[in-house]
Amino acid sequence: MMAALQKIFNLRAPIGTLVRGISTSVPRFEIFKVQTPEEFNEKVRNSKDPVIVDFFATWCAPCRMLTPRIETVIGENAGKIKLAKVDIDEHTDLALDYEVASVPVLLAIRNGKVEQRLVGLQDTDKLRTWVQNVVGTTK
């Protein structure tokens, strides 16, 4: 396949050497996928800072559409808020604990308490306003 592409485009260098990866994504230290219930307790329930919890499923198309939007908004508020991603198929108990009946669901949790809930696919402007409201709330 690569040889055929090189012939079509008449390239002298291998195609792999011409591709340059430039990352435009949000720094990942603010975004993490929950691996265990213990990690959820440590990083979300026990966090003094607000944490947005994204309950999602890999098979959910609206969830896949929401991901880049919420990650962008979290990146704009770097250092003020974190994003925890919870796969409901891997962590059914967490989804039940927080009464997640459909996905995607975003919860704003501070000091172990749910402050706000947002259900369904949202546009970036609504997400931005919602996150800024969560960040601005002090309790």
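Which strand holds Lys82? Lys82 belongs to β3, a strand that spans residues 82-87. The model is predicted.

**Lys82 and its surroundings**

Lys82 is partly exposed, because its relative accessibility is 29% and this class lies between the limits of 20% and 50%. Leaving aside residues up to four places away in sequence, Lys82 makes contact with Glu30, Phe32, Pro50, Val51, Ile52 and Ile74. Ser47 is 35 residues from Lys82 along the chain. The C-alpha atoms of these two residues are 9.7 Å apart.

**Lysines over rings**

Phe32, one of the contacts of Lys82, also has a charge over its ring. That charge is the end of Lys43. Another lysine, Lys85, lies over the face of Phe56. The table gives the distances.

| Lysine | Ring | Distance to ring centre |
|---|---|---|
| Lys43 | Phe32 | 4.8 Å |
| Lys85 | Phe56 | 4.8 Å |

**Aromatic pairs**

A pair of aromatic rings is described by two values, the distance of the centres and the angle of the planes. Across the whole structure, a search finds 2 aromatic pairs. In one of them, Phe55 and Tyr98 have ring centres 6.1 Å apart. Their planes meet at 40°, so the pair counts as tilted: stacked pairs are under 30 degrees and edge-to-face pairs over 60.

Which parts of the chain does this pair link? Phe55 is in strand β2, residues 51-56. Tyr98 is in the loop between α5 (92-97) and β4 (105-110). The two residues are 43 residues apart, and the pair links distant parts of the chain.

Are Phe55 and Tyr98 buried or exposed? Both are buried.

**The disulfide**

How many disulfides does the model contain? The count is 1. Cys60 and Cys63 form this bond, with their sulfur atoms 2.4 Å apart. That distance falls inside the cut-off, because a disulfide needs sulfur atoms within 2.5 Å.

Why is the disulfide right-handed? The torsion about the S-S bond of Cys60 and Cys63 is about 80°, so the disulfide has that hand.

Note on methods. Residues are numbered from 1 along each chain as its sequence is written. This is a predicted model: local features need pLDDT of at least 70, side-chain atom pairs count only at pLDDT 80 or more; totals for chains, interfaces and linings use all residues. Side-chain values use heavy atoms; hydrogens and water are left out. Rings of Phe, Tyr and Trp (its six-membered ring) pair if their centres lie within 6.5 Å; planes under 30 degrees apart count as stacked, over 60 as edge-to-face and the rest as tilted. Helices (H or I, at least four residues) and strands (E, at least two) are DSSP runs, numbered from the N terminus. Buried means under 20% relative accessible area, exposed over 50%, partly exposed in between (1.4 Å probe, protein chains only). A charge sits over a ring if NZ of Lys or CZ of Arg is within 6 Å of the ring centre and within 35 degrees of the ring normal. Contact means heavy atoms within 4.5 Å.
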